[in-house]
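Keep the structure open beside the text.

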Amino acid sequence: MTTDTTGTAARDGEPRRGGPADSPFVRACRREPGPHTPVWFMRQAGRSLPEYREIRANVPMLESCRRPELVTEITLQPVRRHGVDAAILFSDIVVPVAAAGIDLDIVPGTGPVVAEPVRTADDVERINRIGRDDVSYVDEAVRLLVAELGDTPLIGFAGAPFTLASYLVEGGPSRTHAKTKALMYGDPELWHALCARLAEVTLAFLRVQVDAGVSAVQLFDSWAGALSEADYRRYVLPHSAHVLAGLADDRVPRIHFGVGTAELLGAMGEAGADVVGVDWRTPLDVATRRIGPDKAAQGNLDPCVLLAPWPVVEAEVRRILDEGRATPGHVFNLGHGVLPETDPEVLTRVVALVHELSARPAA
């Protein structure tokens, strides 16, 4: 008997039914039928919750991500309050980059700010490879969470190489990604060296989470939508594919998500994920045709809809569930993250509505 990294025992390579591996969320990721359409929300671990703001008061973001007990509590808060079908590890995409030796900080109201941007071959060499000991706090937090969550699956996550590279090259968030693209076009060899190094860091970071017991992983490529399909295929796809392929033998579902990626959905599907996340700009039935029938789809309520009156929210939830019937496996989510001004009660009602409308008779 071996141990299945989805948190249940396995025999002859097949997961035993029960536990997180048999949850509605994991079943949908594997394009298997379940009792209802599963729902979770990106950036659900905090953001709009008053209990999150209270526990995070006076604790900087990076420091919060390095305290296993705090990570555990924040990750559990939306599960307790909303009854979502999966938890997602509270962390930040720059956590592994900081562990790799890059001097950065997450500035409130701004985001990650890098002290010395990465723009030369010597700068790339400053990015160290990482292992479990470098992010032992993540390993500990995942193990604590798996014990607390029981049958509820835990999603691990990391930033994709392109998005991490953009932060490092720009020195922080950017609307145009001008410095990133200038390096990408002007010095492709250096660009690929940078992304290859970041792919190894990302894969190692996800490997720690998988080994500690997460039931699925999500690779965020937040800024990939800034690229054309041709540029995505040439400069980004090989590195994201390397990360996803590195987890292929672990039998954990792999989700790949980006923003503004309507024209990239087919290529993102080719990167090797089991589930492709879709932002709110593309209807799910259209997205499914682009992604292909061998992938599940995740999404895609516009986060701003949650600020509208309830009848509007309900109508949009119904529309997305209708469009999601075209997918071989649908995970209901937002088209991006929860906005901080969202009323938590609305999120709770959305979860209940999705479960009610998508309930299927027992086989």
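## Aromatic pairs

F90 is buried, with a relative accessible area of 5%; buried here stands for under 20% relative accessible area, exposed for over 50%, and partly exposed for anything in between (1.4 Å probe, protein chains only). This is a predicted model, where local features need pLDDT of at least 70 and side-chain atom pairs count only at pLDDT 80 or more, while totals for chains, interfaces and linings use all residues. Residues are numbered from 1 along each chain as its sequence is written, and side-chain values use heavy atoms, with hydrogens and water left out.

## The parallel sheet

The sheet is an open one of 7 strands, in the order β4-β7-β8-β9-β10-β11-β12, with parallel pairing. Strands β4 and β12 (330-334) stand at the edges with a single partner strand each, so one side of each has no neighbour in the sheet. Two strands pair if DSSP finds at least two bridges between them.

β7 is well tucked away: 6 of its 6 residues are buried. Both of its faces are covered, with L154, G156 and A158 buried on one side and I155, F157 and G159 buried on the other. On the β4 side, 2 bridges join β4 to β7, and A87 has L154 as its bridge partner in β7. On the β8 side, β7 and β8 are joined by 5 bridges, with Q218 of β8 as the bridge partner of F157. Over at β11 and β12, the parallel pairing again runs over 5 bridges, and L301 is partnered by L334 in β12.

## The largest pocket

The largest pocket holds about 1,300 Å³ of space. Of the 34 residues that line this pocket, R43, R47, M61, D92 and I106 are the closest to its centre. The search runs on a 1 Å grid over the protein atoms alone: a pocket is an open set of points with protein on both sides within 12 Å along at least five of seven lines, and lining residues have an atom within 4 Å of a point. Helix α2 gives the most to the lining, with 3 residues. By class, the lining has 20 nonpolar, 8 polar and 6 charged residues.

## Arginines over rings

Two arginines are worth a look. R281 lies over the face of W280, 4.2 Å from the ring centre, and R349 does likewise over W310, at 4.0 Å. The test asks for NZ of Lys or CZ of Arg within 6 Å of the ring centre and within 35 degrees of the ring normal.

Most residues other than glycine have a negative phi, and most peptide bonds are trans. R43 has a positive phi, near 60°, in the loop between α1 (24-29) and α2 (50-56). With 43% relative accessibility, R43 counts as partly exposed. R251 also has a positive phi of about 60° without being a glycine, and lies in the loop between α11 (229-245) and β9 (254-258). At 33% relative accessibility, R251 is partly exposed.

Finally, the peptide bond from G299 to N300 is cis, with omega near -5°. N300 is placed in strand β11 (residues 296-301).

Definitions and conventions
Helices (H or I, at least four residues) and strands (E, at least two) are DSSP runs, numbered from the N terminus. On a 1 Å grid over the protein atoms alone, a cavity is a set of points where a 1.4 Å probe fits but cannot get out, and a pocket is an open set with protein on both sides within 12 Å along at least five of seven lines; lining residues have an atom within 4 Å of a point. Grid points are joined across faces, edges and corners, and a volume is the space filled by probe spheres set on the points. Ala, Val, Leu, Ile, Met, Phe, Trp, Tyr, Cys and Pro count as nonpolar, Asp, Glu, Lys and Arg as charged, and the others, Gly among them, as polar.
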